[in-house]
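This report considers charged pairs and a nonpolar surface patch. Please consult the sequence and structure shown below while reading.

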Amino acid sequence: MAEKRPDRTLGRHHDTFWEFCGQGELRLQKCESCDHLHWPVVQKCENCGERDFAWDRMSGRGKVMSWTSFERDYYRGLLPVPYDTILVELEEGPLFMSNPQGFGWQELSPDMPVKLTFVAAEDTAGEFSLPVFERET
Ligand SMILES: [Zn+2]
């Protein structure tokens, strides 16, 4: 069963990102002019202003840089509290905010290796695949 989630940002490049997630791929925008990798989604390159992007597939490997556990109900019961959020440094460099899958903050340590997986999620726009991270075994 799909987990209820707050609404995603949709439209243009955001839709492309979610379409790749639906295929089980984490892809980030790579500027076709200067090769800068972007996350979160941008409409033009932060480095050179170019508006054309390729979508580079990430390896799915990374390490935990930071984390927090939310105990306040910011989403009016949509996300049961407490829930954990992790900041992952992807192998390719970008920092990616996500959720730990199958483990909690008590088990986290700096530089802990993690790997990408997807969970079935749902917002008011419909079902989608949400990128999350599990322990690298
Ligand atoms: Zn650029």
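## Strands S4 and S2

In this predicted model, Asp56 and Lys30 form a salt bridge, with 3.5 Å between the closest N and O atoms. Asp56 belongs to strand S4 (residues 53-57) and Lys30 to strand S2 (residues 27-31), so the pair ties together parts that are 26 residues apart in sequence.

## Glu107 and Arg135

A further salt bridge joins the side chains of Glu107 and Arg135, at 2.8 Å from N to O. Glu107 is located in the loop between strand S7 (95-98) and S8, whereas Arg135 is part of strand S9 (residues 126-135); the pair therefore ties together parts that are 28 residues apart in sequence.

Glu107 is partly exposed, its relative accessible area being 38%. Arg135 is likewise partly exposed, at 37% relative accessibility.

The number of salt bridges in the model is eight. One of the pairs is Glu122 with Lys4, whose closest N and O atoms are 3.4 Å apart.

The relative accessibility of Glu122 is 24%, and the residue counts as partly exposed. Lys4 has a relative accessible area of 47% and is partly exposed as well. As a general point, side chains of opposite charge can pair when their charged atoms come close.

## A nonpolar surface patch

Which residues form a nonpolar patch on the surface? The patch consists of Tyr74, Tyr75 and Leu78, which together have about 300 Å² of accessible area.

Leu78 is situated in the loop between strand S5 (61-70) and strand S6 (83-90). With a relative accessible area of 32%, Leu78 is partly exposed. Membership of a patch requires over 30% relative accessible area, and the 32% of Leu78 is therefore over this cut-off.

Key
Residues numbered from 1 in each chain as written. Predicted model: local features only at pLDDT ≥ 70, side-chain atom pairs only at ≥ 80, totals over all residues. Heavy atoms only, no water. Patch = residues over 30% accessible without salt bridge, like charges linked within 9 Å, V, L, I, M, F, W, Y side chains within 5 Å. Areas by Shrake-Rupley, 256 points an atom, 1.4 Å probe, with all protein chains shown as cover. Salt bridge = Lys/Arg side-chain N within 4 Å of Asp/Glu carboxyl O. Helix = DSSP H or I, 4+ residues; strand = E, 2+ residues; numbered from the N terminus. Buried < 20%, exposed > 50% of the residue type's maximum accessible area, 1.4 Å probe, protein only.
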